[in-house]
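Here's a quick tour for anyone meeting this structure for the first time.

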Amino acid sequence: MLFNSQTFLLVFLPIVVASFWLLARHRHSGHPGFRLLLLLASWVFYAYWDIRLLPLLLASIAVNYMLISILVKSPGPKKHFLVIGIALNLCVLGFFKYFNFFVENLPSSFGFDVDRFNIVLPLAISFFTFQQISALVDATREKFHRQNFLDYALFVSFFPQLIAGPIVRHDELVPQLQTMPDRREIDTKIARGLLLLTLGLVKKVFIADNLSQIANPLFDASLKAGLPIVDAWIATFAFGFQIYFDFSGYSDMALGLALMFGIVLPVNFKTPYKSQSLTDFWRTWHITLSSFLRDYLYIPLGGSRHGSARRSIAVATTMLLGGLWHGAGWNFIIWGGLHGAGIAINQTWRRLGYNLWPLIGWALTFTFVMITFLIFRAESATSIYNLLMSVIGLGQYKSQWAFSLDGLQITVLVAAFIIALGLPEPYEISQRQFWKTPWLATGAAVLLVAIIIYLGGSFEQEFIYFQF
Amino acid sequence: MNRNSSIFSSSSYVKRFVLTAAGILVVAILFVAIIDPNNTLALSPPFERYPAATNQRFSYPSIARSKTFDSLILGTSTTRMLEPANLNKNLNVSLANLSMNSATWWEQEQIFNLFLRHHKQPRLIIWGIDTIWCNPDKTGSRLTQRKFPEWLYDENSWNDYFHILNFKTFERAGKQLGTLLRLRQPNYGRDGYRSLNKKGAPYDLAKARRKIYGQTAPIAPAKALDRPAIDAATRKNWQFSNLKTLDKLVSKLDGNTRVVLMMVPYHQNSLGAPNGATMLRYEECKKRVFKLSDKLQNIDVIDFMFRSSFTNEDKNYWDPLHFNEQGAKQIEDSLVDFIAKGKPASKIYRTSVKPRQGGDKS
């Protein structure tokens with residue numbers, strides 16, 4: 001079920017929220033009924049896509065819960081259980097996500113026929129696998145929060161964050177789930193939740209989906225030939241903003257939906273396109289993934305404790321694997337590798353004491369991010385080559401072919417620039433006392449209804465990060 | 001709810017938000033449910049509705065269910081100009097014209113099946129046979145770029161409620177309301193007919209010729225090629241698989257239904273030269289259609305798709321594919337001559353002639 005669907009917004013969500021708060025009238029906070037209700041709702045939410053995917057999620061939860069219980073209870077050295085657990089998770093992820101890619105890249109003499117395997121990627125597998133790996137690692141630490149199966153299953157399955165994050169740490173979420181609903185300032189939380197849901201939908205439905213209409217034909221064209229330089233830059237900006245509004249819109253909705261149950265999820269975006277360096281960009285873009293990679297990969301690889309050379313290797317490795325996490329494709333590996341190299345250069349530059357004017361720092365960072373997103377989005381090596389040549393004006397194209405934008409598309413592109421570079425994130429807006437303005441409630445409600453009605457007549461478009 | 005902003009709390013905000021959103025949604029849903037622009041909902045108030053949607057795929061299901069009609073014209077826009085009111089009296093039937101613009105074979109199948117479910121023994125079916133059915137080696141897509149509402153074609157009128165909350169349906173509900181209040185003219189008649197010249201603009205021969213020839217001066221009919229552009233063996237191997245579908249569909253009808261497969265009158269310029277690829281394709285298609293009709297007593301073919309005084313006359317056309325009001329009159333007269341009077345041929349049509357048992361059934 002997509003957040004941006006009438007089924008979700010008019011049927012699933014009202015039923016679940018109403019049931020939750022009706023239950024809250026009769027049961028004290030912390031009653032297991034709340035967790036049971038949200039767990040069942042989350043499994044319905046997941047199974048709605050394809051019920052055949054549910055057993056994998058349930059099995060993954062059961063096996064990881066068992067391993068965590070062993071890790072928590074076992075008094076002796078725990079390392080081997082942890083290694084088994086991580087290996088098991090990575091094997092499952094590797095099989096579903098990377099097996100086809102691995103076989104495709106084997107020399108043909110090995111005789112594998114990739115079509116024979118036809119493995120379907122289970123939705124959200126990257127997210128729930130990483131979340132559970134972090135729980136396994138945390139379980140080896142002394143202050144691991146106690147939990148039962150219900151707590152753990154809901155921690156993994158909680159529908160606002162199940163499909164595409166934010167990637168939540170065990171200690172961030174489980175204590176909240178065990179004591180919910182937290183009735184302190186609950187009306188404010190729900191008001192914030194409604195605002196975040198509405199603004200997230202605006203980002204997705206009105207901006208990202210319209211930008212995809214600009215970007216898709218240009219990227220499709222790049223599979224065969226180059227583009228005129230103007231079109232290449234339109235493609236660059238259109239996709240660069242599309243992925244930001246698509247993913248940050250999803251994250252806003254996830255935060256908003258969780259707040260409707262009084263649950264606070266970590267922020268995933270902090271106006272990343274305003275960043276003045278690549279290091280800053282990764283502190284503000286998909287923050288929960290960056291934190292995961294930092295804590296569970298970069299630091300164990302040595303982090304910054306063993307000199308600059310080791311640090312650069314750690315950064316490069318982390319970013320390469322971060323790229324590969326997005327998908328089984330060379331474009332993601334190159335994208336991750338370029339960002340790793342960029343961060344290493346950025347860190348070295350800073351250590352040497354050089355500083356750029358903020359505007360130049362921003363321009364360089366923004367351009368680098370946008371261009372590397374071209375590689376991220378491209379579907380073939382030919383497309384990457386064509387696009388990169390085209391942005392510097394060397395694309396081979398038919399002179400008659402030029403993409404023309406209509407009025408709506410120009411408006412959306414300009415609005416995307418202004419919002420991404422000039423306005424705060426919805427999360428920041430939601431922390432202000434906006435709810436003291438009565439007309440805002442009316443305006444936001446009208447906007448939400450308009451979006452719901454609009455969704456009734458459009459094709460539901462999935463979020464880009466659902467494929468990862 | 002306290003309207004004083006200085007003490008407007010988050011609780012008041014949530015209440016106002018939820019009540020406003022719920023209020024608008026309820027009003028919006030009630031508006032569409034009561035007006036029922038497509039005339040298909042389970043609890044539809046009994047208004048005398050007209051087809052409100054411009055996309056005929058939404059407008060025609062309710063006509064197909066209507067007991068007002070016992071006979072059907074279907075096809076693509078090439079049969080849209082046949083006006084039921086001009087045929088009903090002479091043929092002693094009550095026709096609906098549910099020919100849909102660019103309708104694929106699959107879409108025609110859906111509307112045909114729907115009509116058949118609600119009319120167990122139709123009296124007459126006039127089915128326009130054009131390029132959609134005469135595709136020699138492909139079936140073609142099931143759908144066009146136009147939206148096709150499958151839920152309007154089933155027998156469950158409750159599931160239609162899941163599709164009423166969108167701006168397009170509101171627009172149609174507004175149009176339906178305007179028509180009910182007689183503030184606007186309906187898009188289509190209750191029998192599905194609407195002239196292609198909706199605005200009643202005066203006929204412009206020069207404009208028609210530009211569409212037919214690409215220029216205002218007429219071009220003489222192309223001379224026959226010395227030898228066929230496509231050899232006989234290839235033509236024999238053409239599958240025309242859509243005609244097999246058509247065969248299955250018309251075979252559902254029992255002998256009480258008269259079926260007339262009408263090879264549509266494309267302008268001669270679009271048929272190309274004799275022995276040319278286009279004409280060979282249509283000639284082969286015609287052969288197969290005639291063969292199809294031979295199998296069953298109640299199926300006839302009327303063929304307008306050849307060089308004739310009709311298809312050579314530019315004044316009969318809007319463009320190479322669509323005849324105009326003047327042309328429609330001649331085609332309608334010909335249909336009456338054939339169906340009601342049994343006239344086997346004229347200057348502008350040919351038919352499959354077979355001895356009839358029990359005379360004219362229409």
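Predicted model: local features only at pLDDT ≥ 70, side-chain atom pairs only at ≥ 80, totals over all residues.

**Strand pairing in chain B**
- In β5(B), L261(B) has V301(B) as its bridge partner.
- That bridge belongs to the pairing of β4(B) with strand β5 (residues 299-303) of chain B, where 5 bridges join the two and the strands run parallel.
- β4(B) also pairs with strand β3 (residues 124-129) of chain B, through 6 bridges and again with the strands running parallel.

**Chain A as a whole**
- A compact globule with 468 residues would have a radius of gyration near 23 Å, and chain A has 23 Å, so the two agree.
- Along the principal axes, the C-alpha atoms of chain A fill a box of roughly 70 × 60 × 55 Å.
- Of the 468 residues in chain A, 43% count as buried.
- If you take the contacts in chain A with a separation of 6 or more, 76% of them come from residues 24 or more positions apart.

**A helix pair in chain A**
- Helix α1 (residues 6-26) of chain A packs against helix α2 (residues 32-47) of chain A at an angle of about 170 degrees, and their axes are 10 Å apart.
- Angles over 145 degrees count as roughly antiparallel, and α1(A) and α2(A) are therefore roughly antiparallel to each other.
- On the α1(A) side, the contact is made by F12(A), V16(A), S19(A), F20(A) and L23(A), while α2(A) brings G33(A), F34(A), L37(A), A41(A) and F45(A).
- Sorted by class, this contact has 8 nonpolar, 2 polar and no charged residues.

**Chain B as a whole**
- The C-alpha trace of chain B spans about 95 × 50 × 40 Å along its principal axes.
- Chain B has 362 residues, and 40% of them are buried.
- Residues 24 or more positions apart make up 77% of the chain B contacts with a separation of 6 or more.

**Where the chains meet**
- Here 19 residues of chain B are in contact with 21 residues of chain A.
- Two elements give two or more residues to chain B's side: α1 (10-35) and α5 (167-180) of chain B.
- The largest share of that side, 11 residues, comes from α1(B).
- By class, chain B's side has 10 nonpolar, 6 polar and 3 charged residues.

- The peptide bond from M180(A) to P181(A) is cis, with omega near 0 degrees, and P181(A) sits in the loop between α9 (170-179) and α10 (186-222) of chain A.
- D36(B) isn't a glycine, yet its phi is positive, at about 45 degrees.
- You'll find D36(B) in the loop between α1 and α2 (56-65) of chain B, and it counts as buried because it has 24 C-beta neighbours inside 10 Å.
- N92(B), another residue other than glycine, has a positive phi near 55 degrees.
- N92(B) lies in the loop between α3 (84-91) and β2 (95-97) of chain B, and with 14 C-beta neighbours inside 10 Å it counts as partly exposed.

Methods
Residues numbered from 1 in each chain as written. Chains lettered and ligands numbered in written order. Axes fitted to C-alpha atoms, helices over the stretch in contact; angles between N-to-C directions. Helix = DSSP H or I, 4+ residues; strand = E, 2+ residues; numbered from the N terminus. Parallel < 35°, antiparallel > 145°, perpendicular 65-115°, else oblique. Contact = placed C-beta atoms within 7 Å. Nonpolar A, V, L, I, M, F, W, Y, C, P; charged D, E, K, R; others polar. Pairing = 2+ DSSP bridges. Rg over C-alpha atoms; globule rule 2.2 N^0.38 Å. Buried ≥ 20, exposed ≤ 12 C-beta atoms within 10 Å, placed from the backbone.
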